[in-house]
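Hi everyone, thanks for coming. Please have a look at the structure on the screen, and I'll walk you through a few places in it.

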Amino acid sequence: MRLVIEEVGKDYRGGVRALDGVSLVLEPGVLGLLGPNGAGKSTLMRILATLTRPTRGRVTWDGADIARTPDALRAVLGYLPQDFGVYPNLTPQEFLEYLAAARGISGAAARRRIETLLELVNLVDVRRRPLGGFSGGMRQRVGIAQALLNDPRLLIVDEPTGGLDPEERVRFRNLLADLAGNRIVILSTHIVSDVEAVATRIVLLAQGRMAADGAPEGLLRAAEGRVWEWLVASDELAALRERHRVAGLVRRSDGTLVRVVAEAAPHASARPVTATLEDAYLLHMDRARAAV
């Protein structure tokens, strides 16, 4: 089981370059695809889901080009797009039965799978309520269930935790971790904590290009010695934000403890502190922008 992305690029009308030179080799595990809105994450997900073709480069699944022979990948693909729509008059049970039939899953097998999935996403009690009355988080859980209907070998989820409350977000992260043993899972998001909890590998995208690729520990090591804290007066914050990348603030009775990501000490009073993955993300994003 191998997904290979070779120098993939995607251009749109008007000379807009959404992706440029993305290359990855993916095997079972969770890949966290992290980047700001507009970085090209959704474009890459749509290419991998065979919904659009790259302008340059190619993607292969177990050696077969997915643009030329997409059916082999589609048969083992689970996909939750960023904008997931439902039929408001159908219940979760009816909606999943409809999608199972459309994907060629037989009646008995479909019923068993749907029962398992409704329990997995905590929707058993509302299985016969119309989807039109569901909250955004509940609809997202239905979306997660439909992506898992065919027990996919490649699971692609694009911004999956939008609308989920903290408890649901933790449940979904645990689910992804459990699923990753025998399949490739790609989690695309701009929320650092979503990938920090489950990803075995993280790719950072910035302006359509790869800004970093590696294990979380490697990204953290790259940020060590580049994260600083010191105490400043509150009236100095506005000027400080203009000069430095501020990663966090803690208000105190004697001033504000400011956290800054910088290549060198930004102030005489600044002391180095342990980097977080969010610090590493900000550092690589700034490096990517500076390189353009």
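Let me begin with a term: two strands count as paired if DSSP finds at least two bridges between them. And keep in mind that this is a predicted model.

In which order do its four strands come? The order is 2-1-4-5, in an open sheet with antiparallel pairing. Strand 2, residues 16-26, and strand 5, residues 64-65, stand at the edges. Each of these two has a single partner strand, so one side of each has no neighbour in the sheet.

Let's look at one pair. Strand 1, residues 3-12, runs antiparallel to strand 4, residues 56-61, and five bridges link them.

Next, some backbone angles. Most residues other than glycine have a negative phi. Glutamate 159, though, has a positive phi, near 50 degrees. You'll find glutamate 159 in the loop between strand 7 (154-158) and helix 6 (166-179). Is glutamate 159 buried or exposed? Its relative accessible area is 11%, and the cut-off for buried is under 20%, so glutamate 159 is buried.

Glutamine 207 also has a positive phi, near 50 degrees. This one sits in the loop between strand 9 (201-206) and strand 10 (209-214).

Conventions
Residues are numbered from 1 along each chain as its sequence is written. This is a predicted model: local features need pLDDT of at least 70, side-chain atom pairs count only at pLDDT 80 or more; totals for chains, interfaces and linings use all residues. Side-chain values use heavy atoms; hydrogens and water are left out. Buried means under 20% relative accessible area, exposed over 50%, partly exposed in between (1.4 Å probe, protein chains only).
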